[in-house]
Amino acid sequence: MRKLQYNSPVILTYVLLCCGVLVLDGLTGGKSTSLCFCVYRSSLSDPLTYVRLFGHVLGHSGWQHFFNNVLYLLIVGPAVEEKYGSRNLLIAMIVTAFVSGAAHLVLAPGSALLGASGIVFMLIFLASLSGMKKGCIPLTLILVTVFYLGQELYDAIFLHDGISHLTHIIGGLCGTVLGFM
């Protein structure tokens, strides 16, 4: 008989945390998400500002938003975690959370940000760098940049759909920079 394997500890734990935050959101009528898992302009003297700066990647606006992100996390994440290692992936996720949260505070102060999309885009770009040889730029990275970032730039300019395309772009940039490092 085969046993279950917790094969991707960072990704699986992250998915479980996101799910738990969404359940908590339902139990508190959205108060927990507003307090801790959604970044928005607030006083720097409020300690929860710093919690939200990292915690926003755990919050989601509903089950559909959660499932859309989780599917990508579970498809791309385990391979990325295997390639780069759990510790490095966790560091990359923390850096991406901070950079996307800080950029949102500076560049989109009138809105709130939550969700794993920045992490998803970071993972996609890290995956596009797999198999990279020293001194080379993978063609997969160029194609992902053209298609994903091109679409995000277009959507950011021409669509007003309530999606933080800035976060997707920043996630992709974080994945690229961290992948080359």
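Let me start with helix α5: its buried residues are Leu-89, Ala-92, Met-93, Thr-96, Ala-97, Ser-100, Gly-101, Ala-103, His-104 and Leu-105. Buried means under 20% relative accessible area, with a 1.4 Å probe and protein chains only. Helices here are DSSP runs of H or I, at least four residues, numbered from the N terminus.

A word on the source. This is a predicted model, where local features need pLDDT of at least 70, side-chain atom pairs count only at pLDDT 80 or more, and totals for chains, interfaces and linings use all residues. Residues are numbered from 1 along each chain as its sequence is written, and side-chain values use heavy atoms, with hydrogens and water left out.

The expected span of a helix is 1.5 Å times one less than its number of residues.

Now α4. Its 22 residues should also span 32 Å, and its end C-alpha atoms are 29 Å apart, which agrees. There is a kink of about 40° at Gly-77, shortly before the proline Pro-78. That bend is the angle between axes fitted to the seven residues ending there and the seven starting there. After α4 comes Gly-85, with a positive phi near 95°.

What do the buried residues of α4 pack against? They pack against α1, α5 and α6. Take α6. Its axis lies 9 Å from that of α4, at an angle of about 35°. Axes are lines fitted to C-alpha atoms, for helices over the stretch in contact, and angles run from 0 to 180 degrees between N-to-C directions. Among the residues making the contact are Leu-73 and Val-76 of α4 and Ile-119 and Leu-123 of α6. Contact means heavy atoms within 4.5 Å.

Next, the core. A nonpolar core is a set of buried Ala, Val, Leu, Ile, Met, Phe, Trp, Tyr and Cys residues joined through side-chain atoms within 4.5 Å. The largest one has 33 residues, and Tyr-14, Leu-73, Leu-89, Ile-119, Met-122 and Leu-123 touch the most other members. The largest share, eight residues, comes from α6.

Last, a loop residue. Val-57 sits between α3 and α4. Is Val-57 buried or exposed? It counts as buried, because its relative accessibility is 8%. Beyond neighbours within four places in sequence, Val-57 is in contact with Tyr-14, Cys-18, Ala-97, Gly-115, Ala-116 and Ile-119.

Technical notes. Buried means under 20% relative accessible area, exposed over 50%, partly exposed in between (1.4 Å probe, protein chains only). Helices (H or I, at least four residues) and strands (E, at least two) are DSSP runs, numbered from the N terminus.
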